[in-house]
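Please open the model in your viewer and keep the selection tool ready.

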Amino acid sequence: MKKKFPRILLSSALVMSIGAAAVAGNGLLVAHAMSASNDQSAPVVSADTVQGYTDTSIGAKTHAQSSPLNTDGYQIVNKPSGQVIVKNLPDGDFLVISDNTKPTFVAGTPGANDISKEKALEIARKAIIEKYALSDETISRFTVSADFDIVNPEQPTWKVNYLPTDQSDYSEIGNYFVTIVSQSGEVVKLLSAVDGVG
């Protein structure tokens, strides 16, 4: 028993030393991170995201593939939804000259070949009930809206949103979003707030 006591004491001391070192190291890392400057020293537009104009006029569009920043000229910033033209300012900031990004929604009016708003609401309700097995009582707790979208004029759609009437119900019942092709009534997108969870 006497030989075990020094061993236990030594083990305890070792564990406490390792714990203290971890706490001290963490404290140093936090102190270093908190003292770091938040100054923006580089422009938001970087050479990785820009194709530069070699001329400073917007009309001259001589593109250089993956060129470095043209600090006194215009730049094209590529975004998933389109391109934005910016002019670099002397202080390292930039000014948006033209935003050519594509809209994600354009309101329109249904035509003779499109399903009605009422039909779109009916299709959306049926799709949500089938996929998520919601009861009529749960469905009645939503405020429903339907908007006609012509962002793609070749295939206009109805965008149907189910949002909780009482915002405090959101964590319990979530929300639902349905996209329906307006000419065929086909459901092309059906999402719920819980789809990305888990």
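Begin with the largest nonpolar core, which has 20 residues; such a core is a set of buried Ala, Val, Leu, Ile, Met, Phe, Trp, Tyr and Cys residues joined through side-chain atoms within 4.5 Å. Buried means under 20% relative accessible area, exposed over 50%, and partly exposed in between (1.4 Å probe, protein chains only). Select Ile128, Tyr162 and Ile180, the residues with the most contacts inside this core. Helix 2 (117–132) is one of the elements that give two or more residues to the core, and helix 2 gives the most, with 6 residues. Helices (H or I, at least four residues) and strands (E, at least two) are DSSP runs, numbered from the N terminus.

The model is predicted: local features need pLDDT of at least 70 and side-chain atom pairs pLDDT 80 or more, while totals for chains, interfaces and linings use all residues. Residues are numbered from 1 along each chain as its sequence is written, and side-chain values use heavy atoms, leaving out hydrogens and water.

Next, select Tyr132, Phe142, Tyr162 and Tyr176, which ring pairs link into a cluster. Rings of Phe, Tyr and Trp (its six-membered ring) pair if their centres lie within 6.5 Å; planes under 30 degrees apart count as stacked, over 60 as edge-to-face and the rest as tilted. Which residue's ring pairs with that of Phe142? The partner is Tyr162, with centres 5.8 Å apart and planes at 75 degrees, so the pair is edge-to-face. Both Phe142 and Tyr162 are buried.

Finally, select Val151, in the loop between strand 6 and strand 7. Val151 is partly exposed, with a relative accessible area of 34%.
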